[in-house]
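Please read them with the model open.

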Amino acid sequence: MALDYTKAAQEILDAIGGPGNVVSAAHCATRLRLVIADDSKINQQAVDNAEGAKGNFQASGQLQVIYGTGTVNKVYDEFIKLGNITAATKAEAKAAAAEQQKNPFMRAIKLLGDVFVPIIPAIVASGLLLGILSALSFMDSNGFITLDTNNAWYQILNLVSNTAFTFLQILIGFSAAKAFGANPYLGAVMGMLLINPGLQNANTVATDGVLQTYTVIPGLYSIDWTGYQGHVIPIVIAAGILAFIEKRLHKVVPEAFDLFVTPLVSVAATAYIVMLAVGPVFVWAENAILGAIQLLLTLPLGLGSLIMGALYAPTVVTGIHQMYTTIDLGQIASYGVTYWLPLASAANIGQAGAALAVALKTRNVKTRSLALPSSLSAFMGITEPAIFGVNLRFFKPFVAGCIGGGLGAMFASISGLAANGTGVTGIFGILLCLNQPVQYIIMFAIAALVSFGLSFMLYKDPEPETAGGATVQAAATAPARDEAEAAALSSAAANAAVAAIDQAQAASAQTSTLVAPMSGQAIAMSEVSDPVFASEAMGGGIAIVPSEGKLYAPASGTIIVLAETGHAVGMNTDAGTEVLMHIGIDTVTLEGKPFTAHVKVGDHVEAGQLLMDIDLDYIKAQGLDTVTPVIITNTASYESVAPVAHDTVAVGDPIITVK
């Protein structure tokens with residue numbers, strides 16, 4: 001009898017606590033993937049017994065219900081229709097699951113990363129140039145070099161060096177709006193609002209004072225008519241408010257008016273809230289913090305400097321550090337030197353050392369390519385790329401940088417290290433401390449080495465996500481880690497109730513041999529580092545450590561699985577054997593980059609036919625294992641699945657006998 005897809009979907013919906021308990025819903029080739037808000041509301045027995053469901057398991061923050069190819073998409077369509085749930089991609093469901101698993105603090109940290117990581121290239125480009133040009137300008141003005149700045153070549157570089165920082169609020173507004181789910185172009189408008197030329201430039205307030213105020217409530221409340229140059233948090237908060245208003249307006253404004261009513265009301269309402277409340281409150285908080293800093297700097301034994309050196313980087317996150325110039329200027333006016341700049345320099349160097357440790361320790365090429373230039377930028381005094389793109393993202397390096405910066409700042413205070421100017425920190429900061437170069441070098445070494453050492457010890461590449469245990473009806477249970485495993489599992493599990501007996505009878509009548517799909521070193525499945533494969537939970541077989549980046553068909557048959565990311569190929573041989581070849585461990589994370597498929601699902605192939613080209617060097621460069629398990633996923637249908645012992649195998653050598 002044909003499955004009633006509506007009934008199947010309704011039973012699952014009821015079993016998980018209704019549509020209000022669904023954070024995200026997606027499906028792959030064989031499974032319904034659900035991110036659940038409250039797992040305690042799940043009726044596990046009802047899920048196990050849901051019509052049409054062949055099994056279910058919890059994996060990577062998702063409840064995954066197995067239906068099988070050709071069925072899951074129809075159940076999914078009814079599921080989102082009955083629950084009035086917005087469809088999501090697998091990537092979105094995975095992201096939603098990751099969000100559910102994070103605590104509020106880590107969610108906030110991730111949100112900052114989502115806001116700032118996309119704009120890191122712009123900040124790095126401008127930051128590196130800004131550090132170099134600032135140092136060159138200082139050396140020129142103090143007679144160390146002669147620099148001609150009156151030409152187009154220099155002036156263009158000067159424009160590039162400050163453009164990203166001049167319009168930073170626009171970049172943040174666009175990126176933050178995307179992170180919050182608002183229209184990013186409206187977010188950019190909010191960024192433009194906060195640095196509109198009609199407002200007094202915030203960078204002039206320290207020297208010129210506030211030039212204009214406007215009354216909000218006569219006799220009670222007025223606001224300073226100043227911009228928010230250099231401030232980070234106001235625009236991030238503005239994007240959050242914008243998203244909150246915009247999303248709700250989309251739900252209530254008729255579609256015919258939505259195009260112009262929603263943007264207009266969203267931007268105007270957000271502007272009033274930010275300009276009248278969020279901005280002024282943030283400025284008040286800044287002033288209070290700056291007053292507290294002045295008190296801390298007077299503590300004996302450098303304790304105040306230790307605290308501020310450690311807290312400097314967190315204040316960069318809030319944007320408060322942009323106001324520290326007032327401390328430098330005040331100290332220079334009073335003492336002829338500033339004791340604050342060496343503290344800031346120590347803090348910047350600390351974050352640079354921490355990011356450098358990540359760059360040298362990580363096995364992820366993308367992380368290294370971001371961490372290395374970010375650490376260089378931080379060593380030159382521009383820390384935003386290192387903080388937002390690397391250290392804060394992994395958190396432990398951020399803490400290590402704070403500790404190193406604090407200890408470096410403490411030494412600077414105890415040794416009386418002072419600068420005769422402001423504006424340059426990091427490597428070139430020594431040019432402002434030429435009266436005490438040895439102290440500066442020691443401070444630099446303390447901050448860099450302590451933060452580097454701690455970060456190197458504490459940092460670990462994030463563990464790849466693995467699936468938990470599975471419960472499958474009418475078949476052996478197995479964890480499913482990704483699209484390829486699930487599709488292979490579908491053949492043995494989702495359809496087992498109908499076909500298992502016939503398969504067993506057909507298979508028992510004959511013996512067949514599979515040949516090596518790759519050349520390399522053959523090892524027992526128990527030696528594979530992944531416990532799912534090593535335990536043979538997905539089926540018996542053998543594994544090959546490849547010496548050549550080519551995958552061939554181990555028998556004649558039909559391709560039934562080709563993972564979207566290319567890392568796994570499954571086939572049903574002409575003899576009825578279901579084979580899954582999983583190329584490497586956790587290679588699903590490589591998004592298909594090292595794999596070039598020469599077949600597609602449904603193709604009939606002959607034994608020895610080339611299926612896939614593989615860039616083994618790329619896989620190794622990511623720090624991943626290239627070992628390739630060759631698994632008989634319908635092992636339960638056979639009397640025996642016996643690997644043929646080989647130390648070294650060549651393509652075409654017999655490796656597995658099934659009977």
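**Notes on the predicted model**

1. Strands β13 (residues 568–573) and β14 (residues 578–582) are paired antiparallel through five bridges. Across this pairing, asparagine 572 faces glutamate 578 of β14. Please keep in mind throughout that the model is predicted.

2. The pair belongs to an open sheet of eight strands, ordered β16-β12-β13-β14-β18-β10-β9-β20, with antiparallel pairing. The edges are taken by β16 (604–605) and β20 (648–649); each has a single partner strand, so one side of each lacks a neighbour in the sheet.

3. Proline 546 is part of strand β10 (residues 541–546). Is proline 546 buried or exposed? Its relative accessibility is 7%, so it counts as buried. The C-alpha of proline 546 is 6.9 Å from that of threonine 626, although the two residues are 80 apart along the chain.

4. A separate hairpin is formed by β5 and β6, with three residues between the strands. Strand β5 (residues 213–217) and strand β6 (residues 221–224) run antiparallel and are joined by four bridges. Threonine 215 has serine 222 in β6 as its bridge partner. In the turn, glycine 219 has a positive phi of about 80 degrees.

5. Helix α17 (residues 384–394) is mostly covered, with 10 of its 11 residues buried. Among them are Ile387, Phe388, Val390 and Leu392, and also Asn391. Phenylalanine 395 comes after α17 and sits in the loop between α17 and α18 (396–414). Its phi is positive, near 65 degrees, in a residue other than glycine. Phenylalanine 395 is partly exposed because its relative accessibility is 27%, which lies between the 20% and 50% cut-offs.

6. Leucine 301 also has a positive phi, near 60 degrees, and is likewise a residue other than glycine. Leucine 301 lies in the loop between α12 (255–296) and α13 (303–318). With 68% relative accessibility, it counts as exposed. Leucine 301 contributes to a nonpolar surface patch of about 440 Å², together with Leu299, Leu303, Ile307 and Leu311.

7. Helix α9 (residues 184–194) is capped at its N-terminal end by asparagine 183. A side-chain oxygen of asparagine 183 lies 2.8 Å from the backbone nitrogen of tyrosine 185. The buried residues in α9 include Leu186, Ala188, Met190 and Leu194.

8. Serine 451 is located in helix α19 (residues 437–458). With 0% relative accessibility, serine 451 counts as buried. Where does its side chain make a contact? The side chain of serine 451 reaches the backbone oxygen of alanine 448 at 3.1 Å.

9. How many disulfides does the structure hold? The number is zero. Cysteine 402 is buried at 9% relative accessible area, and cysteine 433 counts as buried at 2%.

10. The count of salt bridges is four. One of them joins the side chains of glutamate 51 and lysine 7, at 3.3 Å from N to O. This pair links distant parts of the chain, 44 residues apart: glutamate 51 is in the loop between α2 (44–48) and β3 (55–59), and lysine 7 is in helix α1 (residues 5–15). Lysine 7 counts as partly exposed, at 43% relative accessibility.

11. Glutamate 78 forms a salt bridge with lysine 81, with the closest N and O atoms 3.7 Å apart. Why are these two separated by about one helical turn? Glutamate 78 and lysine 81 are three residues apart in helix α3 (residues 72–83), so about one helical turn separates them. An α-helix has 3.6 residues a turn, so residues three or four places apart point the same way. Glutamate 78 is buried, with a relative accessible area of 18%, whereas lysine 81 is exposed at 59%.

12. A further salt bridge is made by the side chains of aspartate 603 and lysine 600, at 3.2 Å from N to O. Aspartate 603 is partly exposed, with a relative accessible area of 22%, while lysine 600 counts as exposed at 53%.

Conventions: Residues are numbered from 1 along each chain as its sequence is written. This is a predicted model: local features need pLDDT of at least 70, side-chain atom pairs count only at pLDDT 80 or more; totals for chains, interfaces and linings use all residues. Side-chain values use heavy atoms; hydrogens and water are left out. Buried means under 20% relative accessible area, exposed over 50%, partly exposed in between (1.4 Å probe, protein chains only). Two strands pair if DSSP finds at least two bridges between them. A polar contact is a pair of N or O atoms within 3.5 Å; within protein, one must be able to donate a hydrogen and the other to accept it, and residues adjacent in sequence count only if both atoms are side-chain atoms. Patches are made of residues with over 30% relative accessible area and no salt bridge: like charges are joined within 9 Å, nonpolar side chains (Val, Leu, Ile, Met, Phe, Trp, Tyr) within 5 Å. Accessible areas come from the Shrake-Rupley method with a 1.4 Å probe; for residues, only the protein chains shown count as cover. A disulfide is a pair of cysteine sulfur atoms within 2.5 Å.
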